[in-house]
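My entries follow in the order in which I checked them.

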Amino acid sequence: MKKSRAEKIIEQINSTNAKRIAFILVIGFACYHELLHLNYGSNSCTWLLSDGRYKGDQEWQPYGCMLHHYSKIDTRRCFRYLAFYGKESHFVFIGDSRIRDLYASFVKHLHQDEDATVTPIDAKSDLVHTENKLKIRVEYIHSQNVSSEMVDHFVKWSQDGAPPSVIVAGCGLWSIKGSNASQNAIQDYSLNLTKLMLPIDNLHEKKTRVLWALQEPVNSEKLSSDFQMVTNEQIDLYNKAAIEVLSSTKTELWWTARLVAQGMVSESPDGMHLAPKPLQHNTQILLNMYCNDYMNFNDGSCCSSAETYTTLQVLTFVIMGLCTAVYILIFLYRLVLKWRGNPIREYSLLTDAEPSPEHTTFISAPGDMHTLFRSLSIMSVIMAYFFICDRTNFFMKENKYYSEFSFWLPIGYVFTLGLFFTEDSKFTKVLHRDQIDEWKGWMQLVILVYQVTGASQILLINMHIKVLISAYLFLLGYQHFVYVFQRGDITLVSLFKNLFQLNFMTITLCLCMNRPYQFYYFVPLLSFWYLMCYTMLVLPPLITAQNSESNIAHYFYLVIKFIGMFSVITILFISEVFFEKVFVTRPWKALFVTIDDDIHEWWSRWKLDRYSSLYGMLFGAILLISQRYSLFDDNNHSNLFSRGIALSATLASIVGLGAYVTFTFLCRNELDCSEIHSYIVCLPILAYIVLRNISGVLRTRYSSLFAWFGDISLELFISQYHIWLAADTHGVLVLIPGYPMLNIIITSFIFVCASHEVNRITKVLLPYAIPADFKAALRNFVFFLGILVPIGIKDGMF
């Protein structure tokens, strides 16, 4: 039967074609951003001073870069750092009363009672603020017009051996008032500006930054009768004159000073001076411009240089480049053979692939060189994209933005969309494979929305996200226990395979992105608790479904194992000193410390979910024993219990969920709440399992959309750090500047496609890396150690 056009189009909608589209989009946006850099330059300081917009919370978002919010502590730390290295910071604000307001806001942000003086220079309005310990001097020089006095100051600075670090100038408002909006005054204004051109260029040669603040608009409704001639049309003419004259000099035109004021002109107290909020924004812009490149705050990419690459990164990408070159040669060789009509001979490395534990299906690799190097070359391209997105300034970055609307709208949309993909599952068991994938999928999507909106600042949401992370570890313990109990597979090959799947992408990113293993905290948590579960189960005697059925004493041994694991965890928790001694021991110390050689991050993450995997294993044991003794029947589509028991269990589950939600509403301090969290987190998890499985209709249906995302949830969790979020998760990646909604759709599409491809590559490479034969797997393990040990020695692991 001939297919319709619609059916043919639907056939083309698949992951392979989606990834091809994503690749084309990446190439297209790379070309677009290269054109932007060629036309407007790649200096994010230019972006900071030239354009931006207000977000819904009245926070200023510069065009294409991230603005760090400088607290007084951050500010003083910046100047203290510069003073330590002998750099004196000298700021000069010269202009009319609006520039004086900016000076006052800057000094107010900087000022502390100790070691500070604010001294009037003369009887008019010149001011100076000095702090000797910080080696900082901030001056305000009154100049209502571009007068000879202003020109003389610039000439004097240009001839000075130690000119100011930053000069912020601007005026025009009083020229309009004094000339009664005369056209001749604009010509005089332009003529006087030309006298500043040479001094400004000379100052630039001496590393002085000169900012000319374009005149802010006025609110004519609030202007007094003396200033009625000052209109926004007149201000635009003065700004046009300043742009025409100063654009040919080394002056940095401060466009955003005007844009910041324009967005909040209604807040002006008298119609012409700025309200405190826009003045604070301007102060933050100045501090970001001056300090970011010295302080290297992760959330301050404006005016910050790209992170320098290391020798290890260069070596890693060279090896990846060689793999890509080898694949190209193999591809061309096969192409020539095909053209000549000769059979293609595969050079086999291995041909075996074992089924995966924990409900994951491994892809059987053909075992040929072509498949191996093709996968490695694709991985190389993906890693290059990761590097460009997050370790260079090629693509833009912006700050996160949280609002209740921006968080809850996508959550609602995602869950509504998931319902449209509800299907019947071929499984009927409690927590069957489709249900677990669905669970992981919707949790991962919620976590992604949480991350991109910066909702971590909301304690209520933060505590519920902690439950989702705990649920991942619960499922890890549950799945591993069920697998070993039912199959008895505790071989080292099985161990290596699971560790490879968990860590392949993370280790690759550590090498390519110059980040410690602990930076990707979720994978270290999963790997550690997987090893803990494996160790408990592998200790003799091995307890499986088969031997426990023939020897009921094995249940007693199982209880002993659970008590032992609980005791070990509790002992580590009771003594933080003992905990640190265990985890800062070489050579594994490097796996648990941050880039600052600090173990506190690992301690906080570890203790938060210290019992979650144990809860999962214990639940798995109770569930399997209950199934064995027919306490409930989940072999069909019927309900698990009788009507009365089902209603009681449902009510208890609702109470359990309500109790945890009530607890989160009563939380006032995250540290205190986190201490309680580890003990009661099993309540919402078990409540969800009961509500999801007690009804046969709900248990045997699932959302295929959520399950699809659940299959790649690990890759989504890790990939978000670099190609969806940016600057170590502090911001978001920007491919389409100025269109935040369209940008998040495009970057999300590319991000999901890249994650899916990494998931596929991991499965393809698995039988190459960990063969089913124990000797071959051990050989490869020794080979991996031979690569990683020298890296560890260089990083101080030994």
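What is the pairing when the bonded cysteines of the chain are numbered in sequence order? I read it as 1-6, 2-5, 3-4, 7-8.

Basis of the entries. I am working with a predicted model, in which local features need pLDDT of at least 70 and side-chain atom pairs count only at pLDDT 80 or more, while totals for chains, interfaces and linings use all residues. Residues are numbered from 1 along each chain as its sequence is written, and side-chain values use heavy atoms, with hydrogens and water left out.

Count. I took a disulfide to be a pair of cysteine sulfur atoms within 2.5 Å. By this rule I get 4 disulfides.

Cys45 and Cys303. I found a disulfide joining these two, with an S to S distance of 1.8 Å. The torsion about the S-S bond of Cys45 and Cys303 is about 130 degrees, so I noted this disulfide as right-handed. I then looked up where each partner sits: Cys45 is in helix 3 (residues 44-50), and Cys303 is in the loop between helix 12 (276-295) and helix 13 (311-340), so the pair ties together parts that are 258 residues apart in sequence. Helices here are DSSP runs of H or I with at least four residues, numbered from the N terminus. For burial I used relative accessible area with a 1.4 Å probe and protein chains only: buried is under 20%, exposed is over 50%, and partly exposed is in between. Cys45 is buried at 4%, and Cys303 is buried at 9%.

Cys78 and Cys291. The sulfur atoms of this disulfide are 2.0 Å apart. I noted it as left-handed, because the torsion about the S-S bond of Cys78 and Cys291 is about -90 degrees. Cys78 lies in helix 4 (residues 72-84) and Cys291 in helix 12, so the pair ties together parts that are 213 residues apart in sequence. I read a relative accessibility of 0% for Cys78, which counts as buried. Cys291 is also buried, with 0% relative accessibility.

Cys667 and Cys673. I found their sulfur atoms 2.0 Å apart, forming a disulfide. Both cysteines are buried.

Cys31 is partly exposed, with a relative accessible area of 48%. For Cys510 the closest cysteine sulfur is in Cys512, at 9.6 Å, again too far for a bond. Cys510 is buried, with a relative accessible area of 13%.

Definitions and conventions: Helices (H or I, at least four residues) and strands (E, at least two) are DSSP runs, numbered from the N terminus.
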